[in-house]
Amino acid sequence: MTKLGVGVIGAGSIGIRAALAHLSLEDVQHRVHLAAVCDAVPGRAQAAAERFGVAAGYDSLEELLADPNVDLVTIGTPIGLHFDQGLAAIRAGKHVHFNKTMSITADEATTLIDEAAAHGVKINASPGNMVRPVNRAIRDLVRSGEIGKVAWAAVGAGFGNYHENEDVRSGNDLLSNVNPSWYWKKPGGGPMYDMTVYGLHTLTGILGSAKRVTAMSGISVPTREFKGEPFQTEMDDNTFLLVDFGDSVYAFVYGAAHGLIEAEWGQPNIYGSRGTLLGTKLNGNPVAHVGSDDPRPHSAQGRHAVGEHLNLEEIHVYEDIMQLIDLVQTGTPLYGTAEHARHVIEIFEAGYRAAETGQTQTLTTTFEDVA
Ligand SMILES: NC(=O)c1ccc[n+]([C@@H]2O[C@H](COP(=O)([O-])OP(=O)(O)OC[C@H]3O[C@@H](n4cnc5c(N)ncnc54)[C@H](O)[C@@H]3O)[C@@H](O)[C@H]2O)c1
């Protein structure tokens, strides 16, 4: 097996806590080496390279993409940059993992999918929620009619003050003073692309592709603050969708400024004529699921998220990166395909358009189930 050189684009919260922290652990060194890291804040990439033993630290994406030791990149920059940076990486012949939504629009996602095929590289996007065995078990029991006819579902997330309060933002050095204000700017800000994306991947993974979307959306908290400095919210931070899955199956999908419906993180509640799924509980009992058909160790997050990785943060992101590495090195199919990620993006895009126009939007993309 040829070791892959990984390039980390963006040494902010997820670059540090997911890619660099996990891929520098001993147990993956026979499969990958940290070849390079880049960041637009001068000196941040070099500081990250020193801390995690990365071969090179660059101040620009262009330098990282020109590095022949980089075979695969994980993009951990603000979401509004993902499309351009992903396209540049694909065209430079690199495999690409996106830290959550890979683009703002479904058309952009299609371009990424087509360009990756044309350049013979592989792409995937977090969160690959169907990698979790319990979600595939839930999908199979819902599809087999275990809870009867599904009437409706609810899933979503509240922004709260999570990003302002992350550890990497509370200090004064280059690796701990990372400014989160892009989370409230256009394009790419707002809770949908960053947080609702988890539950909507799970919901669509279980129910399949959706058909139509209607929505209302606005700004609930117009001014926020980081390190005592106020800044304006420019992107909607309070968005509520109604999604039609066909056959009168509807879902309430939200990305709120604050507050959560009582639920397991990233897991929908699904209500049927003969039973209820609240997160991973069926009528109050945990859903049984096989660990995996893989004989290697396996955790709730996936087959790579074991051992020391379980003591770190952002385990699911590490699992998603390893899913792409598996695909490249061994041909193992992805649980979280780019086509699934594109469908979720289209629901968000259509939701914002529905809120703006007052018109229900018909969706055009679909995706295939994974085994
Ligand atoms: N923060 C989390 O808890 C978390 C968890 C999972 C996934 N994510 C996802 O990861 C992505 C990044 O989020 P984050 O919280 O790490 O953001 P962040 O703001 O903490 O870090 C982004 C980094 O990208 C750098 N950057 C900005 N423009 C750049 C450019 N042109 N080239 C290179 N570097 C550039 C910034 O300087 C910063 O260091 C988002 O898609 C987010 O949804 C975040």
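## Helix α5

In this predicted model, Ala106, Ala109, Leu112, Ile113, Glu115 and Ala116 of helix α5 are buried (under 20% relative accessible area, with a 1.4 Å probe and protein chains only). Elements covering these buried residues include α4 (82-91), β5 (95-98), β6 (123-125) and α9, where contact means heavy atoms within 4.5 Å.

Helix α5 (residues 106-119) comprises 14 residues and spans 20 Å from its first C-alpha to its last, close to the 20 Å expected at 1.5 Å a residue; the expected span is 1.5 Å times one less than the number of residues.

## Packing of α7 and α9

Helix α7 (residues 191-207) packs against helix α9 (residues 338-357) at an angle of about 120°, with the axes 10 Å apart.

The contact involves Met192, Tyr193, Thr196, Val197, Leu200, His201, Thr204 and Gly205 of α7, together with His340, Ala341, His343, Val344, Ile347, Phe348, Glu349 and Tyr352 of α9.

## Glutamate 164

Glutamate 164 lies in the loop between β7 (150-158) and α7. Its relative accessibility is 13%, so glutamate 164 counts as buried. Beyond neighbours within four places in sequence, glutamate 164 contacts Arg169, Pro180, Trp184, Arg224, Glu225 and Phe226.

## Basis of the values

Residues are numbered from 1 along each chain as its sequence is written, and side-chain values use heavy atoms, without hydrogens and water. Because the model is predicted, local features need pLDDT of at least 70 and side-chain atom pairs count only at pLDDT 80 or more, while totals for chains, interfaces and linings use all residues.

Key: Axes fitted to C-alpha atoms, helices over the stretch in contact; angles between N-to-C directions. Helix = DSSP H or I, 4+ residues; strand = E, 2+ residues; numbered from the N terminus. Buried < 20%, exposed > 50% of the residue type's maximum accessible area, 1.4 Å probe, protein only.
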